[in-house]
Structures are given as C-alpha cells and as structure tokens.
Amino acid sequence: MAKAQITTPEGFKINIEGTPKEISAVVEDLKDKPKGAEPTRRRVKSGRVLSGDLIASLKDGGFFKKPKELASVKSALEEMGHHYPVTTLSPVMLRQVRRRNLRRIREKGRWLYTG
C-alpha cells in the first residue's frame, strides 16, 4: 500500500493511501481541475423595465397628485410606450399601496390611487 501527501496551490494538504495506480489517478484528476474555485456564474442585468419602477416614475412626475383610476394609469403607461393589461396593473398597484408608496381611496364603487 502506497502513501502520498499532496499540497494544493490553495494550501490544502491531502493524504492519500492506495495502490500506485490509484494515487496517480488522483494526482491526474487534481492536475486536470482548473486552479481556483468552481467557476462562478455572472448575473447579467436584463434591459427590462419593471412595472413597479414605471409606477414610481409616474409618482415622481406628479401624476398621482390628483386621484387616478386604474384605466388612467394604464393609458399614461401606454403614452410612455409600455403596454400592460389592467389585470397585470391591478396587483402592481396593490403592491405599491401595501408598500405605502401610494394610497387608494374608494369612491363611487371604484378604487382611485393617489400619492
């Protein structure tokens, strides 16, 4: 039974016991591995504009100074070139209300959003 002690470039000490063939196989595996840690994945930012960010930009522009209906929010976003169905905007607006970025008022059976 052969014994070997290997020190990696990172400073790890490895003790191996086995036949000479097994030890040489382990050494070859260590040589084939790239130096350093496993390759890391890079996160690539997509060029997407999030609907919550668009609502925030409307608020910053003073759009919500007067109470607005969901349909007027939809048309304002369409003027900016972003087309969302009302069914998609409704949860986005509710999320903004829950985060206290906007307020909503019920008037004549409809929800109005204001800043």
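Predicted model: local features only at pLDDT ≥ 70, side-chain atom pairs only at ≥ 80, totals over all residues.

A residue is called buried when its relative accessible area is under 20%, exposed when that area is over 50%, and partly exposed in between. Serine 51, with a relative accessible area of 16%, is therefore buried.

**The nonpolar core**

- The largest nonpolar core holds 16 residues, of which Ile55, Leu58, Phe64, Val73, Leu77 and Met93 touch the most other members.
- Two or more residues of this core are given by each of the helices α2 (51-60), α3 (70-79) and α4 (86-98).
- In soluble globular proteins, nonpolar side chains tend to be buried together.
- Leucine 58 is in contact with Phe63, Phe64, Val73, Ala76, Leu77 and Met80, when residues up to four places away in sequence are not counted.
- Phenylalanine 64 has a relative accessible area of 2%, and is therefore buried.

**Helix α2**

- Ser51, Gly52, Leu54, Ile55 and Leu58 are the buried residues of α2.
- Viewed down the axis of α2, these buried residues fall within an arc of 160 degrees, so they line one face of the helix.
- An α-helix has 3.6 residues a turn, so residues three or four places apart point the same way.
- The packing partners of the buried residues in α2 are α3 and α4.
- Serine 51 belongs to this helix, and its contacts, leaving out residues up to four places away in sequence, are Tyr84 and Val92.

- The buried residues in α3 are Leu70, Val73, Ala76 and Leu77.
- Down the axis of α3, its buried residues fall within an arc of 120 degrees, so this helix too has one face lined by them.
- The cover over the buried residues of α3 includes α2, α4 and β4 (110-114).
- Glycine 81 follows α3 and has a positive phi, near 95 degrees.
- Which residues does glutamine 96 contact, leaving aside its neighbours within four places in sequence? They are Gly52, Ile55, Asn101 and Leu102.
- Glutamine 96 lies in α4 and, at a relative accessible area of 5%, is buried.

**Strands and hairpins**

- Strands β1 (residues 2-7) and β2 (residues 13-18) form an antiparallel pair over 6 bridges.
- Threonine 7 has lysine 13, in β2, as its bridge partner.
- The hairpin of β1 and β2 has 5 residues between the strands, and glycine 11 in this hairpin takes a positive phi near 100 degrees.
- Strand β3 (residues 103-107) is joined to β4 by 5 bridges, and the two run antiparallel.
- Glutamate 107 has arginine 110, in β4, as its bridge partner.
- The hairpin of β3 and β4 has 2 residues between its strands, with lysine 108 in the turn.

- Most residues other than glycine have a negative phi, and most peptide bonds are trans.
- Arginine 100 is not a glycine, yet has a positive phi of about 65 degrees.
- This arginine 100 is placed in the loop between α4 and β3 and is exposed, with a relative accessible area of 74%.
- Lysine 108, also not a glycine, has a positive phi of about 55 degrees.
- Lysine 108 is located in the loop between β3 and β4, and its relative accessible area of 83% makes it exposed.

**Rings and charges**

- The count of aromatic pairs is 1.
- Phenylalanine 63 and phenylalanine 64 make up this edge-to-face pair, at 5.0 Å centre to centre and with 85 degrees between the planes.
- Lysine 68 lies over the face of phenylalanine 63, at 4.9 Å from the ring centre.
- Arginine 104 places its charged end over the ring of tryptophan 111, 3.8 Å from the centre of that ring.

**Helix α1**

- Serine 24 is part of helix α1 (residues 20-32) and is partly exposed, with 38% relative accessibility.
- Serine 24 and arginine 104 are 80 residues apart along the chain, and their C-alpha atoms are separated by 72 Å.

Notes: Residues numbered from 1 in each chain as written. Heavy atoms only, no water. Core = buried A, V, L, I, M, F, W, Y, C linked by side-chain atoms within 4.5 Å. Buried < 20%, exposed > 50% of the residue type's maximum accessible area, 1.4 Å probe, protein only. Helix = DSSP H or I, 4+ residues; strand = E, 2+ residues; numbered from the N terminus. Contact = heavy atoms within 4.5 Å. Pairing = 2+ DSSP bridges. Phe/Tyr/Trp six-rings, centres within 6.5 Å; stacked < 30°, edge-to-face > 60°. Lys NZ or Arg CZ within 6 Å of the ring centre and 35° of its normal. Arc of directions from axis to C-beta.
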